[in-house]
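Me: Can you walk me through this protein? I'd like to start with what the words mean.

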Amino acid sequence: MSEMSPEKDGVPGKDKAHRNLFVSRLPFLPFLAAMLLRLLHRSCHFTIFGQEHEEALIASAGPKIVTCWHFAFPAVIYRYRDLNIVTMVSGSRDGELATRVLDHFGVRCFRGSSGKGGSKALLGLIDTLGSAIGGGFIADGSQGPPRVAQKGILLLARYTGAPILPMSMAASPCWRFRSWDRTLLVKPFSRVVMAYGPLIRIERDASAERIEELRGELEDSLNRVTLDAENALASMGPGKR
């Protein structure tokens, strides 16, 4: 596993300024990023665990929600590419690049976060989720803390009646960014394991206490399937990765 640092020059804020410059002056950058993600993942060998849970989600009527930890989003985007799914992306400038990249994967984005525009984005998602094939969302949000589930996804599930499918992944070899979430990016020809947990459903009349209970259940499930994916990958041995 290799590490990639977004602050190679050691100048705080300089990297963010560079990203903003690239988005505004290099309009082809999102397309190139999307193509790179497609090529990297297309070269990999995927193994799926708990696929019966994904099949149960597909078989369910009405809106559907898939969720993962932030670190896993590149592989999850590839898994659900070109399916007309919806998601929420931060309203920040950094979110602009992500939105443009996701557009090349056929993902419709609603811009907002817990601190800015989140309520408006949530209302848009509630109105749209039923007409889309489903939605994919980051359980620990755009800024963390890492691997701590936020309740926004539970509220979305409550208002839409959508079941939540927890999923995670592991890969070897891979790069890990020195970001808050330790984003994982596969290397060419990696072995990738994706793992799913049982569906989580939330009642329309769920109390605040019940929502917090299910938030903890979602967090536990995501940590469990992450460990399942890592253990499955380790059990394959170096010769099979």
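Reply: Let's start with one term. Buried means under 20% relative accessible area. At 11% relative accessibility, Thr128 therefore counts as buried. Keep in mind that this is a predicted model.

Me: Where is Thr128?

Reply: Thr128 sits in helix 6, which covers residues 118-129.

Me: And what does Thr128 touch, leaving out residues up to four places away in sequence?

Reply: Thr128 touches Val86, Arg108 and Phe110.

Me: OK, helices next. How many residues of helix 7 are buried?

Reply: Seven of the nine residues in helix 7 are buried. That helix spans residues 152-160 and is mostly covered.

Me: Which ones are buried in helix 7?

Reply: Ile153, Leu154, Leu155, Leu156, Ala157, Arg158 and Thr160.

Me: What follows helix 7?

Reply: Gly161 follows helix 7. The phi of Gly161 is positive, near 75°.

Me: Switching topic. At what angle do helix 2 and helix 5 pack?

Reply: Helix 2 (residues 29-42) and helix 5 (residues 93-103) pack at an angle of about 60°. Their axes are 8 Å apart. That angle makes helix 2 oblique to helix 5.

Me: Is the crossing of helix 2 and helix 5 left-handed or right-handed?

Reply: The crossing of helix 2 and helix 5 is right-handed.

Me: Which residues meet there?

Reply: From helix 2, Leu29, Pro30, Ala33, Ala34 and Leu37. They meet Leu97, Arg100 and Val101 in helix 5. By class, this contact of helix 2 with helix 5 has seven nonpolar residues, no polar ones and one charged.

Me: Let's do charges. How many salt bridges does the structure hold?

Reply: The structure holds eight salt bridges. As background, side chains of opposite charge can pair when their charged atoms come close.

Me: Which residue does Arg100 pair with?

Reply: Arg100 forms a salt bridge with Glu96, at 2.8 Å from N to O. Both Glu96 and Arg100 lie in helix 5. They are four residues apart, about one turn of the helix.

Me: Why does a gap of three or four places matter?

Reply: An α-helix has 3.6 residues a turn, so residues three or four places apart point the same way.

Me: Which residues are linked with them in a network of salt bridges?

Reply: Arg111 is part of it. Glu96, Arg100 and Arg111 are linked in a network of salt bridges.

Me: What about Arg215 and Glu212? How do their side chains meet?

Reply: They meet in a salt bridge, 3.1 Å from N to O. Arg215 and Glu212 are three residues apart in helix 8 (residues 208-235), so about one helical turn separates them.

Me: Is Arg215 buried or exposed?

Reply: Arg215 is buried, with a relative accessible area of 16%. Glu212 is partly exposed, at 43%.

Me: And which residue does Arg210 pair with?

Reply: Arg210 forms a salt bridge with Glu203. The closest N and O atoms are 3.3 Å apart. Arg210 is partly exposed, with a relative accessible area of 23%. Glu203 is partly exposed too, at 35%.

Me: Now the backbone. What do most residues and peptide bonds do?

Reply: Most residues other than glycine have a negative phi, and most peptide bonds are trans.

Me: Which peptide bonds are cis here?

Reply: Two to look at. The bond from Gly144 to Pro145 is cis, with omega near 10°. Pro145 is in the loop between strand 6 (135-138) and helix 7. Ser172 and Pro173 are also joined by a cis peptide bond, with omega about -5°. Pro173 is in strand 7, residues 164-177.

Me: Which residues have a positive phi although they are not glycine?

Reply: Arg182 is one of them, with a phi of about 60°. Arg182 is in the loop between strand 7 and strand 8 (184-196). Phe189 also has a positive phi, about 65°. Phe189 is in strand 8.

Me: Is Phe189 buried or exposed?

Reply: Phe189 is exposed, with a relative accessible area of 64%. Arg182 is partly exposed, at 27%.

Definitions and conventions: Residues are numbered from 1 along each chain as its sequence is written. This is a predicted model: local features need pLDDT of at least 70, side-chain atom pairs count only at pLDDT 80 or more; totals for chains, interfaces and linings use all residues. Side-chain values use heavy atoms; hydrogens and water are left out. Buried means under 20% relative accessible area, exposed over 50%, partly exposed in between (1.4 Å probe, protein chains only). Helices (H or I, at least four residues) and strands (E, at least two) are DSSP runs, numbered from the N terminus. Axes are lines fitted to C-alpha atoms, for helices over the stretch in contact, and angles run from 0 to 180 degrees between N-to-C directions. Angles under 35 degrees count as roughly parallel, over 145 as roughly antiparallel, 65 to 115 as roughly perpendicular and the rest as oblique. A crossing is left-handed if the near helix is turned anticlockwise from the far one by less than a right angle, and right-handed if clockwise. Contact means heavy atoms within 4.5 Å. Ala, Val, Leu, Ile, Met, Phe, Trp, Tyr, Cys and Pro count as nonpolar, Asp, Glu, Lys and Arg as charged, and the others, Gly among them, as polar. A salt bridge is a side-chain nitrogen of Lys or Arg within 4 Å of a carboxyl oxygen of Asp or Glu.
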